[in-house]
Amino acid sequence: MKLVVPTETRAGERRVALVPDVVKKLVATGWEVVVQSGAGAEAAFSDAAYAAAGASTARDAAAAHQGAGLVVSVNAPDVAAAGLVPADAVVLSFFQPAQSVDALRILAARGVTLFSFDQLPRISRAQGMDALSSQSTVSGYRAGLAAAEHLAKFFPMFMTAAGTVPPAKVLVMGVGVAGLQAIATARRLGAVVKAYDVRAAAKEEAESLGATFLDLGVSAEGAGGYARELTEDELVRQRAAVASEVAVSDVVITTAAVPGRTAPILVSEEMVDGMAAGAVVVDMAADSGGNCALTQVGLVVDHHGVHIVGMANPASGMPTHASFLYARNVANVLGLMGSEGALAPDWDDEVVSGMCVLRNGKAISPGAIEVLGGSGEGSAL
């Protein structure tokens, strides 16, 4: 089967779906790999490196997609790229149907089978395939660095002849994979860190990294390790409880997201008004609407001296290692779904069925069914 790695079409994206080391292993197991020329350039992987790994290079997207049996990308294809995917091919990427409606319709009309990392079940044996976690690790690390960059103070305590400089006070809201990495990064930089999450289970993990966990009396444990969406009453109580902590923080890093939905507002404009001039809010959920009411995606907003950093596609800012981790996730998924350079998914496997958005053009996931209407089990691959 011909496996194609196209150049990402999302504006500003620097990652690539496969790196040369992983390509070499896939070629050795029977895959024919074709990489669009320049696809890895932003992540520091040259066409020559792919060629040395055994891949072929295609001059453009149209040439790359010809005869493709499997298309692997980081982001969902845009409309133009979706139109290049051959009929009955397989696509593997991050893909949220509600955010890529037109591309989803094109892929469905072409009988494509679509798998999304967004829907990977959060179970132990799927950890090596969990691209959402691997990319969140990169994002959390970058959030900690962004906070230190924008704060006009030191993160660590300094004892100098001119006097003692106290450490920065950092509050991390949302203790998932990204939040934990933000905690670890801020701690390594010497800050005093507090953490908050609506999932009580996050307390032990946050404390294991040296953070003080805040129990604000609002719990929202959800399925699959995610937080459920808070009710309006719970949001009101949460905001009242967290406002005082935000006010005394030098840095607030927000990471809260509900899969497939707009990010919840955790930091209101009134809370930002209560922060000291020079304080920083780093919003990792900017791409899905933002956790801060003042966030603008991709911009740094100055609100009365408080800087709100709306991180756009944060994992893309560290493309080499982000791509390396993502490629490993892809290889593990392909290892589950087949061998010897071909796909033979076991549809009774909860990982396979859980990741499926379209099966031979038929809507399978709830999000795809909502967008396209109808359901049904397409014929087997």
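## Close-up views of a predicted model

**View 1. Strands S12 and S13 side by side.** S12 and S13 run parallel to each other, joined by 4 bridges. To find your place in this predicted model, look for Thr-254, which sits opposite Asp-283 of S13. On its other pairing, S12 meets strand S9 (residues 169-173), again in the parallel sense and over 4 bridges. Here Val-170 is the residue facing Val-251 of S12.

**View 2. The two faces of S12.** Are the faces of S12 covered or open? Both are covered. Val-251 and Ile-253 lie on one side, Val-252 and Thr-254 on the other, and all of these residues are buried. As a reminder while you look, side chains in a regular strand alternate between the two faces of the sheet.

**View 3. Helix H6 and its surroundings.** H6 takes in residues 131-150, 20 residues in total, and spans 28 Å from its first C-alpha to its last, close to the 28 Å expected at 1.5 Å a residue. At the start of the helix, a side-chain oxygen of Asp-130 comes to within 3.3 Å of the backbone nitrogen of Leu-132.

**View 4. The open sheet of 8 strands.** Follow the order S3-S2-S1-S4-S5-S6-S16-S17 across this sheet, whose pairing is mixed. Strand S3 (56-58) and strand S17 (362-363) are at the edges with a single partner strand each, so one side of each has no neighbour in the sheet. Further in, strand S1 (residues 2-5) runs parallel to strand S4 (residues 70-72), and 2 bridges join them. Val-4 is found opposite Val-71 of S4.

View 5. Helix H5 (residues 101-109) lies across strands S6 (113-116) and S16 (356-359), at about 40° to S16. Helix H11 (residues 319-337) also packs on the sheet, where it touches S1, S4, S5 (90-93) and S6. The direction of H11 makes about 140° with that of S5.

**View 6. Confidence along the chain.** The protein has a mean pLDDT of 92, with 94% of its residues at 70 or more. Please read residues 375-381 with care, as their pLDDT is below 50. In the model, this stretch has 19 contacts beyond near neighbours in sequence.

Note on methods: Residues are numbered from 1 along each chain as its sequence is written. This is a predicted model: local features need pLDDT of at least 70, side-chain atom pairs count only at pLDDT 80 or more; totals for chains, interfaces and linings use all residues. Side-chain values use heavy atoms; hydrogens and water are left out. pLDDT is the predictor's confidence in each residue, from 0 to 100. Contact means heavy atoms within 4.5 Å. Two strands pair if DSSP finds at least two bridges between them. Axes are lines fitted to C-alpha atoms, for helices over the stretch in contact, and angles run from 0 to 180 degrees between N-to-C directions. The expected span of a helix is 1.5 Å times one less than its number of residues. A polar contact is a pair of N or O atoms within 3.5 Å; within protein, one must be able to donate a hydrogen and the other to accept it, and residues adjacent in sequence count only if both atoms are side-chain atoms. Buried means under 20% relative accessible area, exposed over 50%, partly exposed in between (1.4 Å probe, protein chains only).
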